Amino acid sequence: MTEPDPNFDALLRYLREARGFDFTGYKRSSVMRRVDRRMQEIHVAGYDDYLDYLQVHPREFTPLFNTILINVTSFFRDAEAWEQLRTQVVPDLLARKGDEPIRLWSAGCAAGQEAYSLAMLLSDVMGLDAFRRRVKIYATDVDDEALMQARSASYSQRELEGLGPDVVRQWFEQGDDGRFGFTKDLRRSVIFGRNDLVQDAPISRIDLLSCRNTLMYFNSDTQARILQRMHFALTTGGVLFLGKAETLLTAGGLFTPVDAKRRFFRKVALGHGNARDAFADLRRVDSPATGRDDSGLHIVALQSAPLPQVVIDAEGRLALSNLAAGQMFSLNDRDIGRPFQDLEMSFRPAELRSAMLLAGKERRLQWVRGVPWLRAEDKIYLD
Ligand SMILES: C[S@@+](CC[C@H](N)C(=O)[O-])C[C@H]1O[C@@H](n2cnc3c(N)ncnc32)[C@H](O)[C@@H]1O
């Protein structure tokens, strides 16, 4: 156990407030070790002095984050697991999906090698045309610098080590600068974005979620929360692909092994009510006054608020409805996860779909006012 250290806690708080990076959910001893290492490099002795240093030298955030967020990665890392993906997991997935689109997510993608490995493998197995027509690979990380490298899709000779010459010839082109660019044919199907696994909502309707060598940096509470969201992110039958050194100790019945040795796990289907749990801790509220973890209070407040409220996710599905909305619009747990447009409340008593589309497009609040609604004997007006 690491000893409590108020100066270290103050430093973590500062990183969260100044840059939005919340390292409190990471394994404390390992974050401490890494911060110590960085402090030694610049000859700063204590966490309080280092906080002062960061305030005066904002450029120091970059090397510090580079030290804490470990970006080590490679193409087809752990060959044996990728072979299992090629021969078993992906063929199963293709059989299950028929001719439907396929959505993959590389979460904690570092400089992109994992996402591009997925692209090469899928394209090999299903053919380039089908790959381009049907496959989307979302690749996310919290580290903007790593994402920049990933988007550039440019790698040194050393970074290609381990790929056979045929693979390099097929998918890479050497530029005048000697670096190797990943082919645009596959690159177009990979969409990069910043996503913080601790704080941001997950991407949804994912068939294969690769989150490798990332989960292991978090403490067990945070791992459990992330796994809950990953469960939500996956389609029924969807597969989670973890790193060699990672286990699912905290998954609490959400996943079942497909091949535990190579770290493939299938989502266990649960009732839709679980979608709520997946978001229940999305905005953790740590009370500054008491130091207490009040996570979950916000969801109770939302659930019991007197005004009906629903939350629609980016895919247009119902993610949450509070009790008042449930009563007024006859929503229940089975409606969670359904497309909003399929729910009666999207068109009765008012046409809400176009207002929602406009709100999404213009990123502005839309009002629909004075909507008459006849309920039992009473006519009421809704805003
Ligand atoms: C060791 S790398 C793993 C790269 C790749 N998945 C692999 O297995 O080779 C860990 C990655 O997790 C990212 N990471 C750390 N904390 C994260 C967070 N809260 N949300 C998203 N990514 C995070 C780091 O920036 C880093 O790129």
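**Exercise 1.** Which residues are closest to the ligand, and how many surround it?

*Solution.* Keep in mind that this is a predicted model. Start with the shell: 22 residues surround the ligand. Now pick out the closest, which are Tyr26, Thr73, Glu114, Asp141 and Asn213. Next, go for the polar side-chain atoms. Glu114 has one 2.7 Å from a nitrogen atom of the ligand. Arg77 places one 2.8 Å from an oxygen atom of the ligand. Finally, an N or O atom in the side chain of Thr214 is 3.4 Å from a ligand oxygen.

**Exercise 2.** Classify the ring pair Phe75 and Tyr155, then the pair Tyr116 and Tyr155.

*Solution.* For scale, there are 18 aromatic pairs in the structure. Take Phe75 and Tyr155: the ring centres are 5.1 Å apart and the planes sit at 75°, so this pair is edge-to-face.

Now do Tyr116 and Tyr155. Their centres lie 6.2 Å apart, with planes at 80°; over 60 degrees counts as edge-to-face, so that's what this pair is. It also links distant parts of the chain, since Tyr116 belongs to helix H6 (residues 113-126), 39 residues away from Tyr155.

**Exercise 3.** Are Tyr116 and Tyr155 buried or exposed?

*Solution.* The cut-off you need is under 20% relative accessible area for buried. Tyr116 comes out at 0%, so it is buried. Tyr155 has 1% relative accessibility, so it counts as buried.

**Exercise 4.** Which residues does the ring cluster around Phe21 contain, and which charged end sits over the ring of Phe21?

*Solution.* Follow the ring pairs and you collect Tyr14, Phe21, Phe23, Tyr26, Phe61, Phe65 and Phe218. Then look over the ring of Phe21: the charged end of Arg194 is there, 5.3 Å from the ring centre.

**Exercise 5.** Where around the axis of helix H3 do its buried residues lie, and what do they pack against?

*Solution.* List them first: in H3 (residues 47-56), the buried ones are Tyr47, Tyr50, Leu51 and Leu54. They span an arc of only 105° around the axis, so they share one side of H3. The background is simple: an α-helix has 3.6 residues a turn, so positions three or four apart point the same way. As for partners, the buried residues of H3 pack against helix H1 (6-19), helix H2 (28-41) and H4.

Definitions and conventions: Residues are numbered from 1 along each chain as its sequence is written. This is a predicted model: local features need pLDDT of at least 70, side-chain atom pairs count only at pLDDT 80 or more; totals for chains, interfaces and linings use all residues. Side-chain values use heavy atoms; hydrogens and water are left out. Rings of Phe, Tyr and Trp (its six-membered ring) pair if their centres lie within 6.5 Å; planes under 30 degrees apart count as stacked, over 60 as edge-to-face and the rest as tilted. Helices (H or I, at least four residues) and strands (E, at least two) are DSSP runs, numbered from the N terminus. Buried means under 20% relative accessible area, exposed over 50%, partly exposed in between (1.4 Å probe, protein chains only). A charge sits over a ring if NZ of Lys or CZ of Arg is within 6 Å of the ring centre and within 35 degrees of the ring normal. The arc is that of the directions from the helix axis to the C-beta atoms. Contact means heavy atoms within 4.5 Å. A residue is near a molecule or strand if one of its heavy atoms lies within 4 Å of it. A polar contact is a pair of N or O atoms within 3.5 Å; within protein, one must be able to donate a hydrogen and the other to accept it, and residues adjacent in sequence count only if both atoms are side-chain atoms.
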